[in-house]
Amino acid sequence: MKNNRPSIQSAAEAKELMNLALTTGQMLIGNGAEIYRAEDTIMRMCESRANIRDVDVFALSSAIFLSLDYDNETITIFKDIDSYGTHLGRIQALNAFSREFVESDISLREAREQLLSIWSIPVAPPLTKMFFTGMCSGSFAMLFGGNWADLVYTFLVGAILSFCLYLMSKRNLTFFPEAFFGTLIISLLALVGSFCFAELHMDMIIIGSIMPLVPGMTITNSFRDIISGDYLSGVIGITKGIFVALAIALGVGFVLSFLKVLGG
């Protein structure tokens with residue numbers, strides 16, 4: 001951090017700094033960053049001003065609390081967090097923005113404008129998500145022992161899954177029904193495909209197609225939070241991962257149980 005740090009001139013400006021830092025952390029967590037990374041970013045942004053003291057940050061996956069001391073007055077602000085999925089482009093831009101803010105004399109107004117421009121970075125269009133979800137699903141089907149027919153069919157199933165998830169996101173469903181209904185659709189399509197085409201393997205199609213739903217990043221970030229000392233955030237993330245895995249198991253189990261009843 002630079003030696004000649006700018007100062008905050010009023011309590012209103014201190015609150016503006018806090019809101020700027022909180023919004024940055026809010027966007028980081030909402031777009032898939034680790035909790036400890038967001039806390040560290042908020043703390044560094046606040047401490048970059050010379051007359052800010054005793055900065056304390058407590059973040060969860062659903063909320064952030066920030067407290068600091070300015071001119072012998074303690075100010076506390078809270079913000080809740082909405083999840084927008086994983087957007088690595090925004091996370092990279094936010095990291096670059098926070099480093100520039102800490103190391104330069106950028107004004108709070110200019111910083112706010114930069115933050116709004118980062119928020120406007122678009123997500124991938126549905127067709128792009130469908131294509132790459134299909135590629136991911138088909139590749140895993142081959143990796144786990146499927147043939148070329150499994151790859152092609154699993155690609156289609158993965159693309160359909162991506163489109164269904166896009167439609168469900170418009171309904172503001174939580175992660176559990178999204179994972180359950182997504183897996184249910186996958187299993188039904190795999191069942192239909194294996195009945196219609198003898199060269200297809202139902203198990204390979206299901207295994208490949210559910211991989212985009214597996215909460216690998218959530219669990220990995222949770223363990224990193226635990227290692228960093230954020231035990232509560234880590235346990236919350238692991239709990240979410242367990243419930244997603246349960247939803248996946250229920251979706252597949254429902255179709256397999258139905259197949260067993262039919263004598264398949």
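These questions and answers go through a predicted model of one protein chain. Local features need pLDDT of at least 70, side-chain atom pairs count only at pLDDT 80 or more, and totals for chains, interfaces and linings use all residues. Residues are numbered from 1 along each chain as its sequence is written, and side-chain values use heavy atoms, with hydrogens and water left out.

Me: How many helices and strands are there in the protein chain?
Reply: Helices (H or I, at least four residues) and strands (E, at least two) are DSSP runs, numbered from the N terminus. Along the sequence the pattern reads α-α-β-β-β-α-α-α-α-α-α-α-α. The count is 10 helices and three strands.

Me: What does the C-alpha trace of the protein chain span along its principal axes?
Reply: The chain has 264 residues, of which 41% count as buried. Buried means under 20% relative accessible area, exposed over 50%, partly exposed in between (1.4 Å probe, protein chains only). The C-alpha trace spans about 75 × 30 × 30 Å.

Me: Which residue of β2 is the bridge partner of Ile-52?
Reply: Two strands pair if DSSP finds at least two bridges between them. Strand β1 (residues 52-59) runs antiparallel to β2, with six bridges joining them. A hairpin of three residues links the two strands. The partner of Ile-52 is Tyr-70.

Me: Which residue in β3 does Tyr-70 stand opposite?
Reply: β2 and strand β3 (residues 73-80) are antiparallel and share eight bridges. Two residues lie between them in a hairpin, and Asp-71 in that turn has a positive phi of about 55°. Opposite Tyr-70 stands Glu-73.

Me: How many of the eight residues of strand β2 are buried?
Reply: β2 covers residues 63-70. Bridges join β2 to β1 and also to β3. The strand is mostly covered, and the buried count is seven.

Me: Which three residues supply 51% of the area that domain 1 buries against domain 2?
Reply: Contact means heavy atoms within 4.5 Å, and 11 residues of domain 1 touch nine of domain 2 in this sense. Buried area is the accessible area (1.4 Å probe) that two parts lose on being put together, summed over both. The two domains bury about 820 Å², 51% of it on carbon and sulfur atoms. The leading three residues on the domain 1 side are Glu-34, Tyr-36 and Leu-60.

Me: Which side chain meets Glu-34 in a salt bridge?
Reply: A salt bridge is a side-chain nitrogen of Lys or Arg within 4 Å of a carboxyl oxygen of Asp or Glu. The count between domain 1 and domain 2 is one. The N to O distance for the Glu-34 pair is 2.7 Å, and the partner is Arg-224.
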